[in-house]
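Colleague: I would like to learn how to read this model, feature by feature. Please give me the general idea each time, then the case here.

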Amino acid sequence: MFCEAENLEFLLAFESNNDFGALLGHLLTPLKLKWSNMGLVLKLETEEVPGVGTCKDEVVLTNNVAEVCDFLGLPAHSLDGKTRLSTRQIFEVLTKTKVFFPVDYDEKYKIRERRKRRPVSDAFFNFLESSEKDLEAEKLKLYMEDEVEEVFRKFKRKDMEYRKYIEFISEHFNKKDEVEKTLNLLFEKNKKPQGNPKLNFQVLCSWFPGVEPNTVGKILAKVKSKHSGIGKDAFD
């Protein structure tokens, strides 16, 4: 395994327990965070625009293991690259993190993951289903005065706007300028189609918002008919 010296500690943590990382990654996804070999990543995106789609990018927040543990509520030994966690220990660690919300492990997700035949994941779900504890209530007690957990909770409940949320996250890691710059570039890309967007009903409606849908359909049919076939004038 080759890597930059400054990335070694995090890469060891990332590679040392794939099952743990997969379960943690599932908890991070709804919070626009990503567990990657580069570090803890913030996922940025803009709303979908006809002819453009959704523009996306990522910013690495940190690859400092101690910072990651403090931010997510993970014990240091879980990412030390040496300690092997049992399935029960993985369950206890993850259900006490700031990013654990039981609703994320719905039945559809559990069925899909169990089809992969991963013993650790299957054991995790068994512990989750058989637990007599109110895991949500225990977590609330643990992080009663924690600002980061509160922000996660508000964002999950849609009580906090996306822009406010990523602003908080970026400020926490002193990445506000980088995140703002990256996000502004995404918005610039989203203002108008880059090159020649594929012509379809939605694109044509966005170009002529005052035209009746039936008329738009007829126009599209005529354009397709005129430029059907192959060659430089063919319809794409």
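**Reading the model**

Modeller: Start with a loop: Ser86 lies between helix H3 (65-72) and helix H4 (87-94). Helices (H or I, at least four residues) and strands (E, at least two) are DSSP runs, numbered from the N terminus. This is a predicted model, where local features need pLDDT of at least 70 and side-chain atom pairs count only at pLDDT 80 or more, while totals for chains, interfaces and linings use all residues. Residues are numbered from 1 along each chain as its sequence is written, and side-chain values use heavy atoms, with hydrogens and water left out.

Colleague: What is the relative accessible area of Ser86?

Modeller: First the scale: buried means under 20% relative accessible area, exposed over 50%, and partly exposed in between (1.4 Å probe, protein chains only). Ser86 has 34%, which means that Ser86 is partly exposed. Look also at Phe20: Ser86 is 66 residues from Phe20 in sequence, but their C-alpha atoms are 9.9 Å apart in space.

Colleague: How many helices and strands does the protein have?

Modeller: The protein has twelve helices and three strands. Of its 236 residues, 36% are buried. Contact means heavy atoms within 4.5 Å. Among contacts with a separation of 6 or more, 59% are between residues 24 or more positions apart.

Colleague: Now the sheet. What is the order of the three strands?

Modeller: The general idea comes first. Strands of a sheet pair through backbone hydrogen bonds, either parallel or antiparallel. Two strands count as paired if DSSP finds at least two bridges between them. Here the sheet is open, the order is S1-S2-S3, and the pairing is antiparallel. Strand S1 (33-36) and strand S3 (56-62) are the edges; each has a single partner strand, so one side of each lacks a neighbour in the sheet. From one strand to the next, the twist averages 35°.

Colleague: How many bridges join S1 to S2?

Modeller: Four bridges join them, and the two strands run antiparallel. A hairpin of two residues links S1 to S2. Leu33 stands opposite Leu42 in S2. Lys34 has Val41 of S2 as its bridge partner.

Colleague: And how many bridges pair S2 with S3?

Modeller: Six, again antiparallel, with S2 spanning residues 39-45. Leu42 pairs with Val59 in S3, and Leu44 pairs with Asp57 in S3. H9 packs on this sheet and touches S1, S2 and S3; its direction makes about 155° with that of S2.

Colleague: Why is S2 described as largely enclosed?

Modeller: Five of its seven residues are buried, so the rest of the structure largely encloses S2.

Colleague: Next, helix pairs. At what angle do H8 and H9 pack?

Modeller: Axes are lines fitted to C-alpha atoms, for helices over the stretch in contact, and angles run from 0 to 180 degrees between N-to-C directions. Helix H8 (residues 147-156) and helix H9 (residues 162-172) pack at about 155°, with axes 10 Å apart. H8 is therefore roughly antiparallel to H9. The classes are: under 35 degrees roughly parallel, over 145 roughly antiparallel, 65 to 115 roughly perpendicular, and the rest oblique.

Colleague: Which residues of H8 and H9 make the contact?

Modeller: H8 supplies Glu147, Val148, Val151, Phe152 and Phe155, and H9 supplies Tyr162, Tyr165, Phe168, Ile169 and His172. That contact has eight nonpolar, one polar and one charged residues. Ala, Val, Leu, Ile, Met, Phe, Trp, Tyr, Cys and Pro count as nonpolar, Asp, Glu, Lys and Arg as charged, and the others, Gly among them, as polar. An α-helix has 3.6 residues a turn, so residues three or four places apart point the same way. In H9, the buried residues include Tyr165, Phe168 and Ile169. Just after H9, Asn174 has a positive phi of about 55°.

Colleague: One more pair: at what angle do H4 and H6 cross?

Modeller: Their axes cross at roughly 60° and come within 9 Å, H6 being residues 119-130. H4 and H6 are therefore oblique to each other. Thr87, Arg88, Ile90, Phe91 and Leu94 of H4 meet Val120, Ala123, Phe124, Phe127 and Leu128 of H6. This contact divides into eight nonpolar, one polar and one charged.
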